[in-house]
Amino acid sequence: MDDVIARLKNGFIVSCQALENEPLHGASIMAAMARAAEEGGAAGIRANSPADISAIKDKCSLPVIGLYKKHYPDSDVYITPTIREVSDVVSAGADMVAIDSTFMSRPRNEKLEQLIAEIRKSFPQTLIMADISTFEEGVMAMELGADVVSTTMSGYTPHSPQIATPDYELVGKLAALARVPVFAEGRIWSLEECLRCYQMGAHAVVVGTAITRPQEIVKRFVTNIQAKMLES
Ligand SMILES: CC(=O)N[C@H](C=O)[C@@H](O)[C@H](O)[C@H](O)COP(=O)(O)O
C-alpha cells in the first residue's frame, strides 16, 4: 500500500473525468486519456465511475485513485458518498479510493468516522484519499486515519474560500503538519501554479480540467481572446 504513496511522491496525477453530459463521456475515451497521460510521464490517474476505472486499469499501468460521483436526495456529498460506491470503486480495481471528507452532512446522516472504519474493515488493501475543503477538515481526516488528504473540495463547499486560483494556503498549512501526504488539487491550470503547489509542500499535484476537459480549455481561449479584442 505504502508503495503507491511512495510512487506518487513529487508526481503529477492526471484526473481523467467526463460526466454523462460532457462531450468526452465514455470509458474508452477516458482510457485513451489515461494512456496519453502515462505516455507523457504522469505518475497516477484519478478517475470517476467503475466503468471508467476498470477501462483505465485495462489500458494503463499507473496507480488509479478512484471515485464514484453519486447524488443522494438527503445530502450534498457526491464524491463516493457511501460504502456502496466505495465497494464499486474497489471492485473496479482502484488502488486508492477518494471520499468526500468535508463537514457537509452525509447520506442518512452517516458520520465520516463510520465510513472510514467500514472501508478499513471491508477493504484493508485500499488506500483512502480524503477530499477536503478546509484546514479543519484536513486535520479531522488525518485524525480519522486517512492515508492522504487532497484539497479537491476547496471552493466547492459553502464554508470554504470561493477563490479562482488553487488554494495554496490550504496546501501549505496541511503540509506543514507533516502528518500525512497532502495532494494539491483543484483549479490548477499552469506549470507555474503546479510548481508553486510542490513548493508549498504538496506530495503530488492533481490536474484535471486543464488537460482532459477540452470544452473548458477552448472556452478559456475564446473568453480571453474576446476580452482582448474588446480592449483594442
Ligand atoms: C469539486 C469536484 O467535484 N472535483 C472533481 C473531483 O474529482 C473533479 O471534477 C475535478 O476535475 C478534479 O478534482 C480535478 O480538479 P480540476 O479539474 O480543477 O483540475
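A residue is buried if 20 or more other C-beta atoms lie within 10 Å of its own, and exposed if 12 or fewer do. Keep that cut-off handy for the exercises below, and keep in mind that this is a predicted model.

**Exercise 1. Phi angles**

*Solution.* First, the background: most residues other than glycine have a negative phi. Thr80 isn't a glycine, yet its phi is positive, about 45°. Asn109 is another non-glycine with a positive phi, about 60° in its case.

Second, the setting. Thr80 is found in the loop between strand 3 (64-67) and helix 4 (83-91). With 28 C-beta neighbours inside 10 Å, Thr80 is buried. Leaving out residues within four places in sequence, its contacts are Leu67, Tyr68, Glu85, Val86, Val89, Val97, Ala98, Ile99 and Asp100.

**Exercise 2. Into the core**

Which residues of the largest nonpolar core touch the most other members?

*Solution.* Some context to begin with: in soluble globular proteins, nonpolar side chains tend to be buried together. Here the largest nonpolar core holds 62 residues, and the ones touching the most other members are Ile45, Ile56, Val97, Met129, Val149 and Ala202. Helix 2 (residues 27-39) gives this core its largest share, five residues.

Take Ile45 as one case. Beyond four places in sequence, it contacts Ile13, Val14, Cys16, Ala34, Ala37, Ile56, Cys60, Leu62 and Val64.

Then take Val149, in strand 6. It is buried, with 30 other C-beta atoms within 10 Å. Its contacts, again beyond four places in sequence, are Ala130, Ile132, Gly138, Ala141, Met142, Leu174, Val180 and Val182. Glu39, 110 residues away in sequence, is 26 Å off, C-alpha to C-alpha.

Finish with Met96, which lies in strand 4 (residues 96-100). With 23 C-beta neighbours inside 10 Å, Met96 is buried as well. Ile128 is 32 residues from Met96 in sequence, but their C-alpha atoms are 5.6 Å apart.

**Exercise 3. The ligand shell**

Which residues come nearest to the ligand, and which elements supply at least two residues of its shell?

*Solution.* There are 15 residues around the ligand, and Ser15, Thr152, Tyr156, Gly208 and Thr209 come nearest. Strand 8 (204-207) and helix 9 (209-212) each supply at least two shell residues. Sorted by class, the shell has seven nonpolar, six polar and two charged residues.

**Exercise 4. Helix 10**

Why can helix 10 be said to lie largely in the open?

*Solution.* Count first: helix 10 has 18 residues, and the number buried is zero, so it lies largely in the open. Now check its length. At 1.5 Å a residue, helix 10 (residues 214-231) should span 26 Å, and its end C-alpha atoms are 26 Å apart, which agrees.

**Exercise 5. The whole chain**

Why is the protein said to be as compact as a globular protein of its length?

*Solution.* The protein has 10 helices and eight strands. Its radius of gyration is 17 Å, close to the 17 Å that the globule rule gives for 232 residues, so it is as compact as a globular protein of that length. The C-alpha trace spans about 60 × 40 × 35 Å along its principal axes. Of the 232 residues, 44% count as buried. Finally, among contacts between residues at least 6 apart in sequence, 57% join residues at least 24 apart.

Definitions and conventions:
Residues are numbered from 1 along each chain as its sequence is written. This is a predicted model: local features need pLDDT of at least 70, side-chain atom pairs count only at pLDDT 80 or more; totals for chains, interfaces and linings use all residues. A residue is near a molecule or strand if its C-beta atom, placed from the backbone, lies within 6 Å of it. Helices (H or I, at least four residues) and strands (E, at least two) are DSSP runs, numbered from the N terminus. Ala, Val, Leu, Ile, Met, Phe, Trp, Tyr, Cys and Pro count as nonpolar, Asp, Glu, Lys and Arg as charged, and the others, Gly among them, as polar. A nonpolar core is a set of buried Ala, Val, Leu, Ile, Met, Phe, Trp, Tyr and Cys residues joined through C-beta atoms within 7 Å. Two residues are in contact if their C-beta atoms, placed from the backbone, lie within 7 Å. The expected span of a helix is 1.5 Å times one less than its number of residues. The radius of gyration is taken over C-alpha atoms; the globule rule is 2.2 Å times the number of residues to the power 0.38.
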